[in-house]
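User: Hi! I'm new to this one, could you walk me through it?
Analyst: Happy to, let's bring it up.

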Amino acid sequence: MWSVVKSVLAAFFGVQKDAQRREDFEEGHPVAFIAVGILMGLVFVAVVAFIAVSAAR
Amino acid sequence: MAPKLPLHHPVEQSSTASAGGQAAHSAPPRGLMRWLLTTNHKEIGSLYLIFSLTMFFIGGVFALVVRAELFQPGLQLVEPEFFNQMTTMHGLIMVFGAIMPSFVGLANWMIPLQIGAPDMALPRLNNFSFWLLPVAFTLLLSTLLMPGGGPNFGWTFYAPLSTTYAPPSTTFFILSLHIAGISSILGAINIIATVLNLRAPGMRMMDMPLFCWTWLITAFLLIAVMPVLAGAVTMMLMDINFGTSFFNAAGGGDPVLFQHLFWFFGHPEVYIMILPAFGIVSAIIPTFSRKRLFGYASMVYATGAIAILSFMVWAHHMFTVGLPLTAELFFMYTTMLIAVPTGVKVFNWVATMFRGSISFEPPMLFALAFVVQFTIGGFSGLMLAISPADFQYHDTYFVVAHFHYVLVPGALFAILAAAYYWLPKWTGHYPNLKLAQWHFWLSVIGVNLTFFPMHFSGLAGMPRRIPDYALQFADFNLASSLGAFLFGASQLLFVWLIIKCVRGGEKAPAKAWEGAEDLEWSVPSPAPLHTFEHPPTFRHDEK
Amino acid sequence: MRTFIVWTAGCLVVPLMTTLAMANGWNMPVGVTDVSREVHSLHMTIFWICVVIGVIVFGAMFYSLFRFRHSKGAKAAHFHEHPLVEVIWTAIPLLILIGMAVPATATLKKMYDPSDADLDVMITGQQWRWHYEYLGEDVAFTSNLGTPRETIRGKGERGEHYLLEVDEPLVLPVDRKVRFLMTSDDVIHSWWVPDLAVKQDTIPGFVNENWVRINEPGVYRGQCAELCGINHGFMPIVLQALEEEEFDAWLAERKEAAAQEASGVDREWSLDELMARGEQSYNAVCASCHQPDGSGNPPAFPALAGNQALMEERERHIETVVNGVSGAAMPAFRNTLSPVEVAAVITYERNAWGNETGDVVQPSEIAERLEE
């Protein structure tokens, strides 16, 4: 699970090692990546929104 | 991009395939019916490309009407009413009629060839989605002849100017957008189905050329946002014809709601018009640097990141409508973040060239111009993201300069690069080198002469979409108009060059460019009507 | 090598020339408020950040283009990824952006604080003019394009302020916090004066807020920034900033004039008086759509000259001008014109250009209607 989160984080940042990427594609389950990706997308929006709200104060 | 195509087998393989193809099919209908009924991805691709080229010239003439009126202060050639119709039609035609269909045309031609598929997944749908376009744009252009004139409210058609205050022809404009939208959605479905299902055995997603990747992501964007546009224009239709008040404040409606809907469509739309261009440039730069694309995986991730972020930034087009402070900050932050994945792409292209073995054929020239000038457009985009400064930039020529840098020397140059890159594959002949170089240099000079001064006129205070201007803007506008006519005229060279290239020229081998490595270069030039009827086996060159 | 030097020089010359050009007034004005100064400095900061990044990126690119030419026998290397470098060049822009977001946020918060204003001005956008109302002072007027139509069409000299001149400018005091309340009567407009760094959309059904505190007296010019129809290019803004005492004197004078105008409602007006007054108001307010000769611009803007329905239906004519036509382009003038002006315009329209009905509409009649 942690490795999925790590890979999704790497995807968000946009940098990933070729070897790690290959491992993800061969061993990981796409559904896991998509689910974690959507979840972390929401977390991302929440974080930016939180920063915006606190900066506006 | 780990794997490369097998260089040994497919040439003979696909020539037998094409022979088999002729035996398997009855003779195709000839003349007009052949084009009307064709389900062949190459023919439909050509139709798309010819259509978009036609629209490019029509939209270009409209732009030249605008530039001619703005040549000097005062009203000389056209009335403000017609001027507004020209700016509106120029935008609509270029966005929906020129840039988008040309990318679909390139996808039609190249995606099956790049993934080793015999055709698009849904050939009849493909035919339908193309033939919707001439209908949509004939309808759109015909509004210019209707009483009250055509759309005159800008390509962003903000309500209530486009509803309560619109000319009667607006209903036809809405219908034509609906038809064009259906065409886009069907095209997108087809591309997704093709990329996901028809890859050659052994080709994984991460083995695909980047053009397929960027188009796959673009297609998802299209499916996500086109219905939003359809919804917004349907609400307009109801407001205009059936007495509803979605956007009419007097009836309790909300004009700002329209802008939210429009830009929720419109911002992803902006990326729809640039992501395939990233794919094209990511194919051309490695070819002429004779070196693999740097950071293939990062490129895919960056494309995905841009696509996801594109849904979270729409209100940066609306910084002046009076959003709450929190919303203003949220959209400023997300917009600034988009610069990161976009920057990654530019860095990767430069790193691809670094320590390569670079030559300067016409496709490479256009791709290089793309990198530099798209980046300039990116810089002004970054400036526009700073919300307090955007209050000064918004709705001025600075914005006009920004999005034209992204769309003309950006998207359009990528399309021209693609045309030069793949013309040998399409026609079997190399384009005329001298003519192509003339076309390139005249285009670069024309484009920059047109759009660079617009940065200054915008900063100096010139609003966009005005038919006449104060005297201090005269010099900038003179330069822009001269540049626009130079740029427009030099595109005629391109047409001449294509005609010459179709008719003859230096013969191109299957692998037309020394450094080209993708699957399309394994079929003969010109590509026979049917290719890959037996899928090639894709070889991974794992290290 | 020589070509390389030429290109590098080119890379440096372009930003230098741009800077020079921008120093020569081809740039965003610094403006005359504290906020506009901050905005200008944000603009210059982000501009220089872009220049520096541009020089580095394009420098690296052109270096590669010249150093690794196929024609000079360059052999391609084989690397195609380098996670560390990629992390660095992703992280650096991220840090720069965070550094940029902090001052931008601070400036934005200042711009969003219209509290404790000394004066409230309501700005209403109308096709194609601005209406200003000094709230609580009983002073209101419309500001129209001052450049004559013939000049736009090429007759006569174009003055220094061609298209940026109005018949009556907005007058504001320096050193006082002025709050703007902004709305529109018809379509969306956008009130923009570059020297104030204020650009705010005026939207029907919404009231937006903004504010300024001007530091220097002077005349500042701007334009409508949101496409609002045919005459979008012809609705300028002129703002005159006066010293505080001068402003107070001006406001007192305007108040008195307004009171006099209001008293005009009670007396009987002659046809000639109303015609003269009506022509003036018609040309300022109505002529942009219905044309100075009443020929209109059908189908959106019907002709008034020779309009049978108009001549026959006096009651409906008054109703149309006072309350507008819902769902069409005709706005209500009950709040933007005084009863005297409404009466004068209607009388003028019923008697000008051969519409010789002989009807007189008295200001008192309009005032009664407005009280209903």
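**A first walk through the chains**

Analyst: Just after helix H15 of chain B, B:Gly461 takes a positive phi of about 115°. Helices (H or I, at least four residues) and strands (E, at least two) are DSSP runs, numbered from the N terminus. This is a predicted model, where local features need pLDDT of at least 70 and side-chain atom pairs count only at pLDDT 80 or more, while totals for chains, interfaces and linings use all residues. Residues are numbered from 1 along each chain as its sequence is written, and chains are lettered from A and ligands numbered from 1 in the order in which they are written.

User: How far apart are the end C-alpha atoms of H15(B), and what span should it have?
Analyst: They are 39 Å apart, which agrees with the 39 Å that its 27 residues (433–459) should span at 1.5 Å a residue. The expected span is 1.5 Å times one less than the number of residues.

User: Switching to chain C, is strand E7 mostly covered or mostly open?
Analyst: Mostly covered: 5 of the 5 residues of E7(C), 198–202, are buried. Buried means that 20 or more other C-beta atoms lie within 10 Å of a residue's own; 12 or fewer is exposed, in between is partly exposed, and C-beta atoms are placed from the backbone.

User: Which residues sit on each side of it?
Analyst: C:Val198, C:Gln200 and C:Thr202 are on one side of E7(C), with C:Lys199 and C:Asp201 on the other.

User: And which strand does E7(C) pair with?
Analyst: E7(C) pairs with E6(C), residues 189–193, in the antiparallel sense over 5 bridges. Strands pair if DSSP finds at least two bridges between them. C:His189 has C:Thr202 as its bridge partner in E7(C). The hairpin has 4 residues between the strands, and C:Ala197 takes a positive phi near 55° there.

User: How many residues of chains C and B are in the contact?
Analyst: There are 79 residues from chain C and 79 residues from chain B. In contact means that the C-beta atoms of two residues, placed from the backbone, lie within 7 Å. On the chain C side, H3(C) gives the most, with 14 residues.

User: What about chain B against chain A, how many residues there?
Analyst: There, 18 residues of chain B are in contact with 17 residues of chain A. The largest share of the chain B side, 8 residues, comes from H11(B).

User: Last one: where does UniProt put a transmembrane region in chain A?
Analyst: The unreviewed UniProt entry places that feature at residues 31–53 of chain A. In the model, this span is 100% helix and 0% strand, and its end C-alpha atoms lie 33 Å apart.

Definitions and conventions: UniProt positions are given in the numbering used here, feature names are shortened, and annotations may be inferred rather than shown by experiment.
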